[in-house]
Amino acid sequence: MNNSYQAIHPDPMRGAEQSILNQNPHDLDKGLTKREYFASIAMQGIISNSDTMREITKAFNRFNNEDSDSLEFGKCIGRLSLMYADGLLIEIENSNETKK
């Protein structure tokens with residue numbers, strides 16, 4: 001996933017500021033990364049239905065051979081959201097490779 005940590009909406013004016021203020025170039029793309037943005041959208045979908053969240057958590061814990069109470073509910077939803085985001089980023093990258 002080459003671009004998963006790039007900003008979803010980079011600020012084009014940050015480049016001009018760097019030369020003036022001698023900022024660290026890694027600070028130029030402030031804001032959500034694509035991975036964070038896609039994970040937040042996935043999380044929004046997951047948490048929109050509490051019954052679905054409970055079932056997903058139980059299934060996730062069973063899949064990982066953990067007791068249903070051993071993984072904190074919020075962490076489980078966060079992990080699932082990142083898994084969905086990573087899956088999407090991989091598919092986007094594969095799709096872009098196929099087009100070349």
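Read along the sequence, the chain follows the pattern α-α-α-α. Its secondary structure comes to four helices and zero strands. Helices (H or I, at least four residues) and strands (E, at least two) are DSSP runs, numbered from the N terminus.

This is a predicted model, in which local features need pLDDT of at least 70, side-chain atom pairs count only at pLDDT 80 or more, and totals for chains, interfaces and linings use all residues. Residues are numbered from 1 along each chain as its sequence is written, and side-chain values use heavy atoms, with hydrogens and water left out.

**The chain as a whole**

Of the 100 residues of the chain, 24% count as buried. Buried means under 20% relative accessible area, exposed means over 50%, and partly exposed lies in between (1.4 Å probe, protein chains only). Contact means heavy atoms within 4.5 Å. Among contacts in the chain with a separation of 6 or more, 65% join residues 24 or more positions apart.

**Helix α2 against helix α4**

How do α2 and α4 cross? The axes of helix α2 (residues 34-47) and helix α4 (residues 73-99) come within 8 Å and cross at roughly 125 degrees. That makes α2 oblique to α4. Axes are lines fitted to C-alpha atoms, for helices over the stretch in contact, and angles run from 0 to 180 degrees between N-to-C directions. Angles under 35 degrees count as roughly parallel, over 145 as roughly antiparallel, 65 to 115 as roughly perpendicular, and the rest as oblique.

α2 passes α4 in a right-handed crossing. A crossing is right-handed if the near helix is turned clockwise from the far one by less than a right angle, and left-handed if anticlockwise.

On the α2 side, the contact is made by K34, R35, F38, A39, A42, M43, I46 and I47. On the α4 side, the residues include I77, L82, A85, D86 and L89. By class, this contact of α2 with α4 has 14 nonpolar, two polar and three charged residues. Ala, Val, Leu, Ile, Met, Phe, Trp, Tyr, Cys and Pro count as nonpolar, Asp, Glu, Lys and Arg as charged, and the others, Gly among them, as polar.

R35 has its place in helix α2. Leaving aside neighbours within four places in sequence, R35 is in contact with S4, Y5, L82, A85, D86 and L89.

**An aromatic pair**

The structure holds one aromatic pair. The ring centres of Y37 and F38 are 6.0 Å apart and the planes stand at 55 degrees, so the pair is tilted. Rings of Phe, Tyr and Trp (its six-membered ring) pair if their centres lie within 6.5 Å; planes under 30 degrees apart count as stacked, over 60 as edge-to-face and the rest as tilted.

**Loops and exposure**

G31 lies in the loop between α1 (14-21) and α2. The C-alpha atoms of G31 and Q6 are 25 residues apart along the chain and separated by 9.2 Å. E72 sits in the loop between α3 (50-63) and α4. Its C-alpha atom is separated by 10.0 Å from that of N61, 11 residues apart along the chain.

| Residue | Relative accessible area | Class |
|---|---|---|
| R35 | 19% | buried |
| F38 | 19% | buried |
| Y37 | 31% | partly exposed |
| E72 | 52% | exposed |
| G31 | 56% | exposed |
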